[in-house]
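This report describes selected local features of one protein model. Please consult the sequence and the structure shown below while reading.

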Amino acid sequence: SSEGRRMLSYPKPQAIALLLLACNQNKVVDAFAPSRQQTHRSLAPTSLAAEGFAPAAAVKERPSKKNKQINSENDISTLSADEAKAALIELVPRMTGDDEDYRAVESYVNLLEEKYSPVQTIDFLNLAMTGEWQLLFSTNLMGRPNRKLRLRELVQKIEADGFNGSLINMAQWDYAEDEETFDSTGNFNVKCSYSINQGARMVVDLNDHEIRPARGSKIPEDVPRLVGLLHRALPKEIFDPNGHAMDTTYLDADLRIVRLTGSNHEGVRNIFMRKGSLEINPM
């Protein structure tokens with residue numbers, strides 16, 4: 001284009017195994033069992049700040065002893081929604097991959113969902129959902145990293161229009177084709193449309209995949225190879241949203257939790273923070 005940017009299209013693939021952006025380990029984690037049957041929840045009036053947050057790959061220290069002391073189910077069950085949210089935001093970037101951390105995340109999420117009230121109007125839901133949401137955590141850990149590829153950010157952008165809308169999963173990547181210099185950079189966009197039924201349930205349809213190199217970036221010689229690495233470095237439900245719907249189980253000004261339902265990703269949980277409400281360090 002006149003701005004010196006290029007867009008590269010790539011065909012839609014079949015099944016791909018992918019990895020969580022914000023978690024610095026390789027184990028597969030079972031999806032959370034829902035605390036009770038639910039198809040949607042509404043907004044809760046919480047507004048906790050998340051200043052200083054960074055993904056696990058950028059935060060090396062282990063959780064403090066104070067946080068570990070409230071990680072039992074009995075202690076967590078006594079927390080308010082605000083306290084559970086604060087503890088969840090504190091824990092996720094510092095997870096070290098042990099079972100206790102995952103049980104605590106599950107308990108925090110289930111508590112937030114239990115305290116959530118159903119959304120009342122589509123206008124209220126759209127107002128709260130619209131914008132850019134950064135993925136912090138997914139229970140769908142099925143991929144593996146590669147030394148050639150570096151993911152810096154994974155954002156879900158929602159634009160609502162009544163009971164329909166658009167959803168774009170945007171991954172910022174750096175690529176070192178020679179395994180030494182990260183001289184290629186850009187965005188990988190998964191463009192989708194959605195419709196809402198059953199309260200806050202979003203039925204998602206995949207429209208297109210797009211690789212958009214940044215201005216001045218070197219264009220990779222083997223674009224299919226780059227796409228293949230992206231396949232293995234993103235959560236599967238982010239790359240290929242077909243075959244599932246998303247239930248909004250918690251939503252406030254800066255935290256959003258969704259539970260996937262459908263044949264491909266039943267029970268998978270994704271946790272998002274509104275972009276700009278927290279500080280993210282490059283991976």
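Helix α6 (residues 223–233) is mostly covered, with eight of its eleven residues buried (under 20% relative accessible area, computed with a 1.4 Å probe on protein chains only; exposed is over 50%, and partly exposed lies in between). Helices (H or I, at least four residues) and strands (E, at least two) are DSSP runs numbered from the N terminus. The model is predicted: local features need pLDDT of at least 70 and side-chain atom pairs pLDDT 80 or more, whereas totals for chains, interfaces and linings use all residues. Residues are numbered from 1 along each chain as its sequence is written, and side-chain values use heavy atoms, without hydrogens and water.

The buried residues of α6 are Val223, Leu226, Val227, Gly228, Leu229, Leu230, His231 and Ala233. At the start of α6, a side-chain oxygen of Asp222 comes within 3.1 Å of the backbone nitrogen of Arg225.

Helices α3 and α4 pack against each other through the residues tabulated here, where contact means heavy atoms within 4.5 Å.

| Helix | Residues in contact |
|---|---|
| α3 (residues 81–91) | Ala81, Ala84, Lys85, Ala87, Leu88, Leu91 |
| α4 (residues 99–114) | Asp101, Ala104, Val105, Tyr108, Val109, Leu111, Leu112 |

The contact residues of α3 and α4 comprise eleven nonpolar, no polar and two charged (Ala, Val, Leu, Ile, Met, Phe, Trp, Tyr, Cys and Pro count as nonpolar; Asp, Glu, Lys and Arg as charged; the others, including Gly, as polar).

Asn197 lies in strand β5 (residues 184–197) and is partly exposed, at 35% relative accessible area. Asn197 and Asp247 are 50 residues apart in sequence and 9.9 Å apart in space, C-alpha to C-alpha.

Technical notes:
Axes fitted to C-alpha atoms, helices over the stretch in contact; angles between N-to-C directions. Polar contact = N/O pair within 3.5 Å; in protein donor to acceptor, adjacent residues only side chain to side chain.
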